[in-house]
Amino acid sequence: MNILAALRREEAKLQKQADKVRQQLDAVRTARKILGREAASGGKVGKKKRVGKKKRVMSAAARARIGKATKLRWAKFRAAKAKGKH
């Protein structure tokens, strides 16, 4: 019985150490993130700016054409599927 109590105490002690190490690890990761952002932005901390290509925008007419073509494709697919069943 004494051995079980000693093992429980040792487990609790190791659990506390593990929690403390996790907190330290989180602090190091946070610092690394902050420093990484700082280096990428030339020393300024804040939002990252988009580098490279701009986000492409599709016109409403193009979106409508794509939607219509998709509906036609699905209609053909369903018609062929229904025809194959009978």
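The following legends describe close-up views of a predicted model.

In this predicted model, local features require pLDDT of at least 70 and side-chain atom pairs count only at pLDDT 80 or more, whereas totals for chains, interfaces and linings use all residues. Residues are numbered from 1 along each chain as its sequence is written, and side-chain values use heavy atoms, with hydrogens and water left out.

**View 1. Overall fold and surface of the chain.** The secondary structure comprises two helices and zero strands; helices (H or I, at least four residues) and strands (E, at least two) are DSSP runs numbered from the N terminus. Of the 86 residues in the chain, 1% are buried, where buried means under 20% relative accessible area, exposed over 50%, and partly exposed in between (1.4 Å probe, protein chains only). The chain exposes about 9,000 Å², of which carbon and sulfur atoms supply 60%. Accessible areas come from the Shrake-Rupley method with a 1.4 Å probe; for residues, only the protein chains shown count as cover.

**View 2. A nonpolar surface patch.** Ile3, Leu4 and Leu7 together present about 320 Å² of accessible area as a nonpolar patch. Patches consist of residues with over 30% relative accessible area and no salt bridge, like charges being joined within 9 Å and nonpolar side chains (Val, Leu, Ile, Met, Phe, Trp, Tyr) within 5 Å. Leu7 belongs to helix H1 (residues 2-40) and is exposed, because its relative accessible area is 53%.

View 3. Side chains of opposite charge can pair when their charged atoms come close. The count is two salt bridges, each defined as a side-chain nitrogen of Lys or Arg within 4 Å of a carboxyl oxygen of Asp or Glu. Glu10 pairs with Lys13, with the closest N and O atoms 3.9 Å apart. Asp19 pairs with Arg22, with the closest N and O atoms 2.8 Å apart. Glu10 and Lys13 are three residues apart in helix H1, so about one helical turn separates them; Asp19 and Arg22 are likewise three residues apart in helix H1. Glu10 is partly exposed at 37% relative accessibility, as is Lys13 at 46%. Asp19 is partly exposed at 36%, and Arg22 at 45%.

View 4. One aromatic pair is found in the whole structure. The ring centres of Trp74 and Phe77 lie 5.4 Å apart with planes at 85 degrees, so the pair is edge-to-face. Rings of Phe, Tyr and Trp (its six-membered ring) pair if their centres lie within 6.5 Å; planes under 30 degrees apart count as stacked, over 60 as edge-to-face and the rest as tilted. Both residues lie in helix H2 (residues 60-85), three residues apart, about one turn of the helix. Trp74 is partly exposed at 45% relative accessibility, and Phe77 is partly exposed at 47%.
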